[in-house]
Amino acid sequence: MEEEEEQPPQEAHAEPPVTSGASEVVPRVLSGEPQNLSDVDAFNLLLEMKLKRRRERPHLPRTVTELVAEDGSRVYVVGTAHFSDDSKKDVVKTIRAVQPDVVVVELCQYRVSMLKMDERTLLREARENGVMSGLMQMLLLKVSAHITEQLGMAPGGEFREAFKEASKVPFCKFHLGDRPIPVTFKRAIAALSFWQKVKLAWGLCFLSDPISKDDVERCKQKDLLEQMMAEMVGEFPDLHRTIVSERDIYLTYMLRQAARRLELPRSSDAEPRKCVPSVVVGVVGMGHVPGIEKNWTTDLNIQEIMTVPPPSISGRVSRLAVKVAFLGLLGYGLYWMGRRTAGLVLSLPATQYCLQRASSARPHK
């Protein structure tokens with residue numbers, strides 16, 4: 001049976017997809033009296049303003065990791081805790097300091113809606129969706145809803161701040177860098193045996209440990225949400241691989257795709273092409289930073305982690321057995337309840353009286 005394959009998501013842009021410059025200062029082409037600007041002149045003018053605001057040696061938060069691509073492009077990975085106010089400030093400070101050409105966030109197209117929702121709406125939805133059906137959906141949403149309820153704080157604040165700040169930087173693109181969540185869920189489910197799924201579902205029913213905001217800040221070296229997820233799936237190495245390790249690979253690939261040399265616009269076709277290194281800011285959970293650093297210089301093949309393996313024969317047999325057992329128990333339960341209900345109804349005085357009247361009214365032969 002052939003494996004189902006899903007392609008990587010397309011990029012999402014906060015600004016129109018205009019090619020952006022990075023590291024060379026372009027001279028101011030026009031000054032003095034106002035006059036009409038060509039597209040190239042306008043681009044160069046805005047690029048100069050952007051580069052003047054970009055700091056050559058920025059003083060960045062300690063949660064930022066700097067990576068350099070082969071072509072000289074720089075990537076600043078901001079490790080965040082998804083429920084931390086400090087992480088929001090780290091993201092804002094980094095984007096303002098480096099004036100990136102691309103911002104990449106740990107979101108996919110299925111979760112991009114959180115960028116445009118306010119905190120109140122997200123808070124309500126996180127609580128309401130905490131009982132959403134589906135084992136892996138339940139796992140992620142249950143943990144997220146539990147933290148949300150404990151802290152009164154919606155997740156994804158650092159991504160919304162990144163979206164806002166990227167829109168203020170000239171020619172800055174906004175990319176979604178995470179693997180589509182349906183692929184992650186399907187691969188995670190396929191990695192578990194039937195009894196592991198039962199055990200994991202059972203563990204979800206007892207998630208009630210209290211959490212404080214101090215706990216969040218203490219977990220800045222390992223994001224609280226991902227730490228709780230890791231604790232819950234620690235007994236299942238294959239599940240940890242699909243939820244964390246494979247997404248490390250995907251995030252690394254998307255960051256490397258974003259960190260490509262950029263071609264500057266030309267005033268005419270005769271002008272030689274000129275490319276400059278790009279500057280990228282990545283906003284990811286702190287738990288993904290070590291994996292991104294590890295994979296940064298390795299050859300990556302994301303097609304392998306984008307395929308959803310077909311269910312095994314043992315898995316099909318187990319599901320069929322569960323369905324048969326469930327239907328059998330349901331049928332027996334309905335039969336037992338019907339029989340007991342009929343006995344109770346027949347034992348009622350009113351029923352006995354009606355039966356006696358009916359038998360006495362029947363003509364005797």
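Visitor: How many bridges join strand 3 to strand 8?
Guide: Seven bridges join strand 3 (residues 74-80) to strand 8, and the two run parallel. Strands pair if DSSP finds at least two bridges between them, and strands here are DSSP runs (E, at least two residues) numbered from the N terminus, as are helices (H or I, at least four). This is a predicted model in which local features need pLDDT of at least 70 and side-chain atom pairs count only at pLDDT 80 or more, while totals for chains, interfaces and linings use all residues. Residues are numbered from 1 along each chain as its sequence is written, and side-chain values use heavy atoms, leaving out hydrogens and water.

Visitor: Which residue stands opposite Val-279?
Guide: Arg-74 does. Strand 8 also pairs in the parallel sense with strand 4 (residues 102-105), over four bridges, and there Val-102 stands opposite Val-280.

Visitor: Is strand 8 enclosed or open, and why?
Guide: Seven of the seven residues of strand 8 (residues 279-285) are buried, so strand 8 is largely enclosed by the rest of the structure. Buried means under 20% relative accessible area, exposed over 50%, and partly exposed in between (1.4 Å probe, protein chains only).

Visitor: Changing topic, how many aromatic pairs does a search of the whole structure find?
Guide: The search finds one. The ring centres of Phe-163 and Phe-174 are 5.2 Å apart and their planes are at 90 degrees, so the pair is edge-to-face. Rings of Phe, Tyr and Trp (its six-membered ring) pair with centres within 6.5 Å; planes under 30 degrees apart count as stacked, over 60 as edge-to-face, and the rest as tilted.
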